[in-house]
Amino acid sequence: MPYVSQLMGRPIADLDGEVIGSLSEILAHKVGEVSHPKIVAIEAKKGSHTLMIPIADVAVLIGPAVALHKRKAHIVPYNPDEDDL
């Protein structure tokens with residue numbers, strides 16, 4: 001299992017293989033008394049543009065690239081919650 005720091009900067013590609021940015025953030029949310037927070041979203045950054053992608057849209061997080069199972073046009077951006085880490 002890689003460290004989060006090892007995932008940062010990896011390309012994020014949509015269903016068609018279009019690179020929509022690189023992984024710049026991983027958002028997690030603490031759930032009850034569970035010791036590990038649950039990943040809820042990732043942030044793709046390309047230039048000055050960012051896109052918060054719900055983790056449900058991610059097909060593969062740990063790999064040479066982050067693969068999505070949706071096209072960029074069909075992603076509904078994740079809205080961070082004040083309790084997100």
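Q: Which residue of β3 does Leu23 stand opposite?
A: In this predicted model, Leu23 stands opposite Ala44 in β3.

Q: Why are β2 and β3 said to pair?
A: Pairing requires at least two bridges. β2 and β3 run antiparallel and are joined by seven bridges, so they count as a pair.

Q: What makes β1 and β2 a pair?
A: The cut-off is again at least two bridges. β1 and β2 have three, in the antiparallel sense, and therefore pair. Pro11 stands opposite Ser22 of β2. Five residues lie between the strands of this hairpin, where Gly17 takes a positive phi near 85°.

Q: Why is Asp14 said to have no salt bridge?
A: Asp14 is found in the loop between β1 (11-13) and β2. The nearest side chain of opposite charge, Arg71, is 6.4 Å away. A salt bridge needs a distance within 4 Å, so Asp14 has none.

Q: Which residues touch the most other members of the largest nonpolar core?
A: They are Ile12, Ile42 and Ile53, in a core of 14 residues. β2 (19-29), β3 (38-46), β4 (49-54) and β6 (66-68) each give two or more residues to this core. The largest share, three residues, comes from β2.

Technical notes:
Residues numbered from 1 in each chain as written. Predicted model: local features only at pLDDT ≥ 70, side-chain atom pairs only at ≥ 80, totals over all residues. Heavy atoms only, no water. Core = buried A, V, L, I, M, F, W, Y, C linked by side-chain atoms within 4.5 Å. Buried < 20%, exposed > 50% of the residue type's maximum accessible area, 1.4 Å probe, protein only. Helix = DSSP H or I, 4+ residues; strand = E, 2+ residues; numbered from the N terminus. Lys, Arg positive; Asp, Glu negative; His and termini not counted.
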